[in-house]
Each structure stands twice: as C-alpha cells, then as structure tokens.
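Have the viewer open as you read.

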Amino acid sequence: TWSKERLPEYMVPSALVVLDRLPLTANGKLDRRALPAPEFEAGAGRMPRTPREEVLCDLFAQVLGLGQVGIDDDFFDLGGHSLLATRLVSRIRSTLGIELPIRALFEAPTVAELAAWSDGDGPVRTPLEPRERPDRVPLSFAQQRLWFLHRLEGPSATYNIPWALRLRGRLDIEAMRAALADVVARHEALRTVFGETDGEPFQRVLAESAARPSLTVTPVAADGVQAALDEAAQYGFDLAAEAPVQARLFEVAPDEHVLLLLIHHIAGDGWSFAPLSRDLMAAYGARCAGVAPELAALPVQYADYTLWQRELLGEETAEDSLLNRQVGYWKEKLAGLPEQTPLPVDRPRSSVVSYEGDLITFEWDGELHAKLAGFARAEGVSMFMVLQAGLAALLSRLGAGDDVPIGTPIAGRTDEALDDLVGFFVNTLVMRTDVSGEPSLRELVGRVRETALGAYANQDVPFEHLVEVLNPKRSMAHHPLFQVSLGLQNAPDFRLDLPGLSVTPEEARTGTARFDLALHFQEKPQETADGGGFWGFVEYNSALFDASTVRNLVQRLAGLLTSAVTEPEREVTAFDLLRTGERFALLASAEAAAGEGTPGAVRAYILDPRLQLLPPGAPGDLYLAAAAGDSRDGLVPDPYGEPGGRMYRTGRRARWEAGGKLAYLDTAADPSGARAQSESASGSGSTSDSESTSDSESDFGTESEGTHREPVTTAERVLSEIFVELLELDGIGLDDDIFELGFHSLQAMRLVSRVRAALGVELPIRVLFEAPTVAEVAEWLDTSGGTPDLARLPLAVRERPDLVPLSFAQRRLWFLHRLEGPSATYNVPWAVRLSGRLDAGALRVALGDVVARHESLRTVFPEAAGEPYQLVVSGAEARPELETVAVDEAGLQAALDEAARYGFDLSSELPLRATLFRLGAEEHVLLLLIHHIVSDAWSFAPLSRDLMTSYEARCAGTAPELPALPVQYADYALWQSELLGDGDDSESVLARQIDYWKGQLAGLPERIELPTDRPRPAVASYRGDLLTFEWDAELHAGLEELARAEGASLFMVLQAGLAALLSRLGAGDDIPIGTPIAGRSDAALDDLVGFFLNTLVLRADTSGNPSFRELVGRVRETALGAYANQDVPFEHLVELLNPERSMAHHPLFQVSLSLDNAPDNDLRLGGLDIRPEGARTETARFDAFFSVSERRGVGGAAGGLAGLVEFSTDLFDRVSVERL
C-alpha cells in the first residue's frame, strides 16, 4: 500500500522479496543472477467468501500454475496474458456454466470483481466432445486455406514448422523411433492425409500401422548440421499422399545427434509443441525401459474439433448464428481497409509474391522489458497491446499512413478439451490501428486495447472465411487484409527432458516467409540473468527486404518504445527514430545528393511533417538547403545545417535508399524510378534473357541444328528437367529430338507420370510422338494442355480393407494357378555368377532386408468364399531361406534348370526362393526364383539395387539405409481399381478404354495360322525352349534411321517387320501381336518390386499389299491408340471380349514381341565379379515370343540387337525357329 500511494501504478512492484543484503558483483554492481526468483504467491490477500469465488480462485490458480490465489490478486500481475485468459474463460464455462467475454477479465481482473461481473449468465456454447463422423470428414476452415494454397502452388516449404533439438548423450534410436510412432498414433492430426472428391477436400486418417514415421538417420559433419537442417526443413509435403510429419536424425557423433521434426502447419501450430514434447518424453522414457507408454486418453481428436467448429459457428445465413454475428462485427470493423500497407522496402514488389524468406533474431534487455511491463499494468492492457501500439506508430512514421492493419496469431484453443492436442487451431485476427491525430503512446494503447478486446470477443470467425466474405481485391503480390504480423509467443513452455540426454534447441530455416514482415516476441522469465527481457525473431520476405533494413526496423522499434514509455503523454510522432550514428551518416549523404540545378553545399533532407529526419527507406518530403542570399517564398530555418541557415520544401516525395542514394517517389522523370516501375510491371527485376546463354553447348553425339536454345517457360523448364533425369543426360536443348537421345515408351509412361505430378496435367503419349522435342511438348501443354481435371488420381498410401483384393493382372495368374495347379509356367528366374569372396551370412540377411522392404515378396494368396485376397506376412516371419547346394560346373546348368522349375503353392508359401550353388570356395551362383504374380522384368532393377545396398551394409555389420518406398503393391492394387472405376459407369476410365478395345479388336481372328511342324494338341502343355540370336550394328542403325524418318519407334518398325513376315508365311492379313508394357504409369512405382506389367494386343493390317513404309505408318497409329488405352488389364479384356475359349492356345494372340527396355539391373557387390547365368524353366507361354534388346555403343550409337525366342515345343522344332 505504501508504494501504491507514492509511485505511478506501473512502478508498483507485483511481488516483494525480503533479503538480508543485496548480492553484488566483483565490480560492486547488483548481481541480478544471484537474486532469488520472486514468488507470485498471493496467500496474504483476502480468501474467498462464496462458492463462486472459491471456484474462481481455484481456476485462477490452475491456469496460472500457482499454489493459491486471493480474491484481490490481479490476473495480469500474476503472469496472465491473452492465451491464459482464453483458457480461463473455457474452464469457467465448463465448471460454472457461464459464458464470459475475454473483455471481462481486462475490466475485472480479480476474483472479487469477476465474481460480481459473472452474475449475468450468457448462453453457454456447445461443449467439445467426440462426435459421430460422416463418411468424409471436412477440413477445418484454417486447414481449407492451407489446402487451397497447397493446390494452387504445389508442395512447398512455406507452411513447414521445423523443430530441431540437439541431443547429447547415449541416444536409443529404436526407442526414439518407437516413441515417434507412439506420438503419431496418439494424435490423429499427425497421420491425416487430405483426399479430394470433385475438388472438395476431406480428411483421411491413416491407420497407425500405415503412418509410422520412418526416422531416417544421416551421418553429418559438425559444420554441416545447419545446412542439413535447412535443407531438410525445405521439404515439400504432398498433403494428398503423405502424413504431414517427417522425422530426421542427423548423427554428428556416436553420442551427439540432432533430431528434426518437420510438421506441416495443416497438422500443427506453435501451441502444439507443448503436448507434442510432453508425449514424446513420456513415450521415449517408456520405450527405453522396454514398455509401451501409458498416457491419459485424449478427450477428442482433431476431426471432432472440425465437426464441432462447424456446428458451433452455425450457418452464416442464419441471423442468430455465431458466425453471422461475428462476421457482422468484422465487416463493420474492417470496412475501407487499405488494400496494402506501404512499407520501407529495399526492392519493388513483384506481381506474384515469391514467399522467399529469411529471418533475423534479436534480444531486448530486462530494463526495457520491466518498463513496458509496468506501463502495461498501469494502463490495464497486455504486453501485446503495448508492442502493437509501438509497431503501428513506427510503421506509420515509416510511411504506412494512419490506418495500419496488423495481423496477429491467436491460439484458437477456446475449449479446454484442446489443451493437449496437436493440431492446427491457431486463428489470425486483423488488428486495425488508427494512428491519426498525433496520439500519445497512452492514447494509442487505449485505442489498441479497445480494438483487441473487440477482436478477442469475435475470434471464432476463421481468418480464411473473413477473406472470402470481405473479398478484398485479390492479388498474387501480397497477403490479403494485412502484410505485417506481430506475435507475442505465449505458448506454454515446451522443454524436453529425455533420459540420459542433454537437450538444446537448434534452428532450422525453411527459407520462406508468409508475410512481408512477421515479428515474433517471447518474454524471458524475470529470474533470468538480466532480469527478464525479450528475445525474438523477424521472418521477412527477402524479395522485398535486406536483412540490415529489418534489423534497423527492430532497433527503431526498441528506441521508439523506450522513449515513449518514459514520456507516455508525448505524441509518438515527436520521438526521434534515428539510431546513434545514423544522423551523422544521413547528414553526410545529404551533402551534394541533390542536383536540381541549384547553385553552390546544397544539402538534401527527407523530413516528416514535424521536420524530423527520416531514416533510410521511409518516404517523406524532400527539403533542400537554401543558398546564401536566396530569398524565395517559404524558407524555413534549417535545423541541420550551418547556424542561421535556411531550407525550403521542394514539393517532391523521396526517400533514402541503401548506400545513401536518393530515390524519388513521385512521377517526375527519374531514371531509377523509371527502372523500378518497369521492373515491377514486368513482375520481376531479373535478367532472365541474359542468363540463358550456356557456356558449354553439349550436343550429346547428335548434330544440333543451329542454336542450342535453353528453356524459358515453366513447362519447358519442368520438361527439360524430367527428360534430363530420365535419359541421364547432362542437358537437353529445346529442339533436340527426344527419340534421337534414346527415349522410348517405358520412359514415356514415366514422363507422363512426372508431368502429372509436376504440372498437374495429363499428357497423352501421342503428343510425344507427334511433337518429339521439349519446345513442342511444352507448347502443347501451354495451349491445349491446360486441363488439370484430366490429371489422374495420384498413387498414394491407402487405407486397407480387411481383405486386400488382387490386382487385375494377379487375378489371371491366380486363376491359371488354380486351374492348372502349381507349375513353372509363370516363374521368373534370375541367376548370377559371383566370383570372389562371398559373405553368405550377409547375403542371407540382405535377402531378408529386401523381402522386408517389398511387401509383394512376402505376400501369399489365400481365398475367402472363392475370392482370393493378398495377405502380407510380417517381415520377421518372411525371412527367406538361402539354401546352399554344392555342385560342379558340369552339373550346374541342370541344377539351375531344375531349381527354376519349382512349383510355388501361392496360397501358402512365399513367392520367392533363393538358392546358392557352391562351385568352390570363391565361386558361387545365386538363383533368385520369383513367381510372376509378384514381379516382372522391370522389378529386377529395384531388386538388384536394394540387394546391393543391403549386402554392402550387412557386410559392414550395419543395417541398410534405404529411402522409404512411397507405396506398396497393395496400395497399387487398391489404386488401380479406384482409378479404373466401374466398367458399368460410362464415364469411368475403364468404360472409356474398353469401348476403344471393343472397336479395335472386333472380328479378331480366333487364332493365326503359323507354319508349325506338328498339329496343335487339344490342350497346350506350355512346354518350351529358347533360342538366342544377334543382329549387327549396321542393321540396328538402319532400322533406327527408318523409325526416325517415319516418326515411329524402333519397336514399331520391328512389329511391322514381324507382321509382314507372318503374313507371308500364311498367317493372313490380320495379324494380332501381343506386347508387354511396363504398366508403371505412376512415378511412385519406379522403385517397387511387383507385377505391374500389362499386355497390349496390337493388330496389324497387312492387306492391300502395302509398302514397308506404309505398314510402319499403320502400325504407328495402332500403337499410339493402344498406349493411350493401356490401363485396361489384358485379363479383363479377355473376359469382356470373351473369345471362344480354348485350352489349346493363348487368347487374342499367339505371338508376342517385346523390345526390352527395362532398366539395367547390373548387380555390383563389394569384392565380387558378377556375370548373369541362364536358368531355363523350359516353358513357353505363347506359340512364339520374340524378345529383342538394344546394345548401345559410344555416345549412345546403335551397337546391334540381341534377342531370344521362347517357343512352344508342342508346335515347333528348333531348326524351324532358327529359319524364322
């Protein structure tokens, strides 16, 4: 009381601590570090008198984390702020059933006053409880905006929230991995992906098992940590397909790691880190001890909040709905808001915001903190309101005008059920500050308080919804409604204590900025060394600002607040904004800066209306010093020049730029202004035209005609990147022919998939053949290709039903297996000779790694009610045996052939067998036998890559580190049936493509007549043999030349040749030939082992005695049509076309041709020399199957063709096939 009577209110201490003596430093100054922390206990005050006061005292104490609170203790003196106020209001609602506005706490901040206020009972809002979920759970409003931005701009790091921690000590990586999985399992938000139906997004919560985060461990040098963190933080999440959380562990040393948790803002916010860290601590502690964590069940999940939010807000059209009432408030509050806030930028704004950003950090001392806190208390406002008033005053003086809108994040956790949830609840409020009329800080803080309390009372309207309702002039150049945001971080402290580890935060930067400027403050606790203070950071748009400008801005804010809080009655425009030393620098640049033809030490000043010097970047009036004897009108004393000097106002607006350059802001001719205008008009100040000259013109072994043009448009750039990657080139010119560079149809599918992923456009394969250069394809995309709605369903991890169905291709093999029993017909043998020291133990474990990685290799096919389904066996149960068999060279081929003829029982045993034939201590042959139902020729490249990595790791005694597979085969099977749709639905992909095939294959001959050596048996035995052949480089080059001239592929030329030959040998003039196609029509399948292959029926019309050139043209048309309709599984086609079934021959075609363009599967294993071996199943699936593969010489030149023919020995003798 004594101090209250004698001191201004803001200097009255909120706590008194009695000490024997004050601790001093060696220099005799007060040693703040040695002071005990003040206890904000309030026991001495009056105790509660009524049950209501008792409950309120209890709730105050709970929310503030204190032991007890008296009825006269001030909520804000005890450390309260607006987030805690929101919490208190929520607890009062659930405990007392009273709805209090947050304003009540500011006007009645003690229990005694609040108990009196709360006698009037307002309607209480709907409680937040678990809700029944509809089939498709909508997104919350806040999520909807992020989802829209994600769809608009594609995956980017703009809304990533990185959280990095340095862990010193013994880290149990497996326990951490399990703990992360526990946390993701606990919070549905962290395992939610965002699907879309007809452009409407919905939340899909992944099963816990499907969403276990993979914790990738990367070794990194101590000086590489920051770069590694920043790069990882810039990851672009694909929200439609992957969980919105990523965990990375960087190993600096065996006992030092940095953990990065990267969460997309759509699934978390700043306030989520407290529950996240609490749960992670509990889970890690438990997992280290070998037990599952025991955490209290969460009252609700994010999906419940989403449904509750919609119910709470109600319909905007309903007059009495909360949404309608609050929207009314905001419409009035934000009417006539300026379209954008002028800021002292270093560079003009481009027409499309780039989101490129950076951040600077800063600290303010305890002295300023104490002054601001005292002032806030005296004025009955929060610290945030003081900072907002200061920032608005500063921006106004730097040229932002009198109407300054500032955005601020608010926790949005308006119900206590949300306190422990990870999720995106934060909302953004627009605080509009009126700085007109030269107010003092006291007056301005009063205005800000009113605005803020009104905003808090109407905080339920999602910012996103507000933007739609207010519908400001939309601009891609800046953030709507405000461009500067201010946050006082009052999120609960989240400290991680992990057993056996010391934990310190690290910084990871996404390199992005959502606003022009976002200032973040955090109060340091009073008990820190310097008695409190602030630390903070500013995230700024680096396309607009330099770091130095932003630093200066923060220092000016500190200076302005320091002055204003000392003299709170003085107009805020009166305080000097210049930093120490800056005045001198400015006056120095003012010399000779103006050259308006005035005679004789003109000095130029840029001044505000009070004739104060303005800092660099701030716009103002240009004044010039008058020469001695100048007697024009309007001369005023020059406070900055020689004593007695005078100056005059030129009538021009200008500002200082960095480096002391003067820039005019009005329209009078000025070269720098003109340049700035033309730059902002073109949307960028970049010199793309001069950057496009490349220093080394590479021509990839082909003569490039004329100039080598570089890509300019987005489509050209994206396409160039994809082609360079697919063709493994160093670069590609816009006009280079892709087929000349070695492009083929398997790559075409990959290209289409990448284009779909990168540009969201479905590119028909036909376009590639008709326009085989980057420039032409890009032009097609830019003109006719703007149809993103045709882009297909992306292939992503899917929620799995109890019984996962088979893919179409698998169904046919399963049916044949049931029909004929186990047989070798569909075995795919892969044999390699390993010369050198082999570590058989490491090989066995490596095979286990590969089988664990690819679910397809550990899938069995049981049936339920006659319907087969895929059953994935766990990795542990599915370790393949590596049987070792001793054999000599003479017996090797027979042993391999016999092993390759093994009959798998698909319903109960793994579809993979591994046998190691031992020819000597350093000579082995490995046979991997895989059933076709889980693999195809294209599977051997990923299989061999994974086996190499795993073997090398296991030899070194470590587990292999392979990037996670985006999907598994079961996801593909489910995606395939969803993509193709229902054959009965005429709009479905399946129905459209089936129509094509029905037309294309109408009246197909039941079978073609071949010159066989024996009549066809009534039931095909599938017995076969094979024969190899070679064609030389000259023929290869000639065929390529012909293909190029006709705009066809080499395959098309070979198919035309085969059709012509068969026709002349008596097969008629309607020749159907089957060809395998990779079927990997989505980039997610590139690295997967599985059966994706499809078979196309290509019908060649040889009637009318065509020339070969003409025949190639007919074949080309047929093939392009087939490629465009390649999604209908061959098996399904057979069922639909229903040709006369025969056990004697293959349906629809009996001869097959393949140009093998599967990626190389070179196996390289440490210390071993490796060569392929032939293992024969001695079966034939068709009458004759021709497989040709290309050899390439130096620079990709034709090097000859190697081929093999697999033929049915029921029909042919070997010599006949050789002649053929």
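## A buried ring pair across the chain

Phe521 is buried, at a relative accessible area of 1%, and Trp364 counts as buried too, at 7%; buried means under 20%, exposed over 50% and partly exposed in between, with a 1.4 Å probe and protein chains only. This is a predicted model, where local features need pLDDT of at least 70, side-chain atom pairs count only at pLDDT 80 or more, and totals for chains, interfaces and linings use all residues. Residues are numbered from 1 along each chain as its sequence is written, and side-chain values use heavy atoms, leaving out hydrogens and water.

The structure holds 31 aromatic pairs (rings of Phe, Tyr and Trp, the last by its six-membered ring, with centres within 6.5 Å; planes under 30 degrees apart are stacked, over 60 edge-to-face, the rest tilted).

Tyr972 and Trp975 form a tilted pair, 6.0 Å centre to centre and 40° between the planes. Both belong to helix H28, 3 residues apart, about one turn of the helix. Tyr972 is buried at 6% relative accessibility, and Trp975 is buried at 2%.

## A ring cluster

Elsewhere, ring pairs join Phe60, Phe75, Phe76 and Phe106 into a cluster.

Asp982 lies in the loop between helix H28 (969-980) and helix H29 (989-1000). With a relative accessible area of 44%, Asp982 is partly exposed.

Definitions and conventions. Helix = DSSP H or I, 4+ residues; strand = E, 2+ residues; numbered from the N terminus.
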